[in-house]
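Dear colleague,

I am handing over the structure below, together with some notes for a first reading. Please look through it before you turn to the notes.

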Amino acid sequence: MMSNEAILTIEDDNNEKLFYRFTPAALISNFVPLIVILDEKATHFEHKMWNVLTPLDHFGSQNKDLLQELIEKIAEEYECEDHIYFYGSGMGGYDAILQGILCRANAVYADAPRIRLPQTSDNDTSTREHDLTNFLNATDPFPVFYLCEDENTLEEETAYFVDACQQHGIKVHFDFCPKSDDETEVIKEVLGFFERMASEG
């Protein structure tokens with residue numbers, strides 16, 4: 001088993017690198033899912049019942065293909081392709097929603113997520129990644145989205161995404177929001193919530 005402190009890397013053909021930590025579940029059961037944690041404050045987390053992937057430098061749409069490749073590789077190796085979940089906060093919330101959609105994850109928990117990214121210049125033509133609602137439609141399978149706001153959240157951003165989900169019949173909820181200020185405790189609560197949702201089908 002790899003060291004808990006090991007920082008791993010994946011590289012593409014253009015020498016772009018993505019650094020990450022990965023800790024496999026310590027206990028094997030019928031439900032051993034993968035949680036992808038996209039949060040600058042949570043650089044290392046492990047859980048005995050979950051495979052835990054923590055990318056260390058992926059906040060924004062850059063390297064999204066490399067992260068997709070990494071997730072697919074781990075999910076296949078640990079046979080959890082049908083049990084992929086995402087947790088993200090702030091800009092990591094944007095990433096969690098984007099990657100959750102691309103991976104066709106089971107569920108995404110996003111705390112104070114960004115939904116729309118500012119243009120980088122006046123001549124910047126809007127790309128698909130600048131607005132996460134561009135990825136939504138009424139026909140493809142989507143994760144269940146759980147969103148949480150805080151006092152720093154742009155409320156119109158969250159409402160904008162919720163409205164788009166509802167227009168397409170995509171499940172989105174505000175009914176779970178941990179109160180702890182401890183990031184590790186929040187992630188544990190979210191995982192427990194995901195486990196309950198999975199057991200209820």
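Does Glu157 count as buried, partly exposed or exposed, and at what relative accessibility? Glu157 counts as buried because its relative accessibility is 6%, where buried stands for under 20% relative accessible area, exposed for over 50% and partly exposed for what lies in between, with a 1.4 Å probe and protein chains only.

Before going further, please keep in mind that this is a predicted model, in which local features need pLDDT of at least 70 and side-chain atom pairs count only at pLDDT 80 or more, while totals for chains, interfaces and linings use all residues. Residues are numbered from 1 along each chain as its sequence is written, and side-chain values use heavy atoms, with hydrogens and water left out.

As for the overall picture, the protein has four helices and eight strands, which are DSSP runs numbered from the N terminus (H or I of at least four residues for helices, E of at least two for strands). Read from the N terminus, their order is β-β-β-β-α-β-α-β-β-α-β-α. Among contacts with a separation of 6 or more, 58% are between residues 24 or more positions apart, a contact being heavy atoms within 4.5 Å.

The search of the whole structure finds three salt bridges, each defined as a side-chain nitrogen of Lys or Arg within 4 Å of a carboxyl oxygen of Asp or Glu. Glu157, with which these notes began, meets Arg116 in one of them, at 2.7 Å from N to O. Arg116 lies in the loop between strand 6 and strand 7 and Glu157 in helix 3 (residues 155-167), so this pair ties together parts that are 41 residues apart in sequence. Arg116 counts as partly exposed because its relative accessibility is 29%, and Arg116 also lies over the face of Tyr160, at 3.7 Å from the ring centre (the criterion being NZ of Lys or CZ of Arg within 6 Å of the ring centre and within 35 degrees of the ring normal).

Another salt bridge joins Lys64 and Glu129, whose closest N and O atoms are 3.0 Å apart. This pair links distant parts of the chain, with Lys64 in helix 1 (residues 64-77) and Glu129 in the loop between strand 6 (107-111) and strand 7 (144-148), 65 residues apart, and both residues are buried. Glu185 and Lys188 form a salt bridge at 3.7 Å between the closest N and O atoms; they are three residues apart in helix 4 (residues 183-199), so about one helical turn separates them.

Turning to the rings, the search finds 10 aromatic pairs, which are rings of Phe, Tyr and Trp (its six-membered ring) with centres within 6.5 Å, stacked if the planes are under 30 degrees apart, edge-to-face if over 60 and tilted otherwise. Trp50 and Tyr85 form an edge-to-face pair, at 5.4 Å centre to centre and 75° between the planes. Tyr85 also forms a tilted pair with Phe194, at 4.9 Å centre to centre and 35° between the planes, and this pair links strand 5 with helix 4 across 109 residues. One aromatic cluster includes Trp50, Tyr85 and Phe194.
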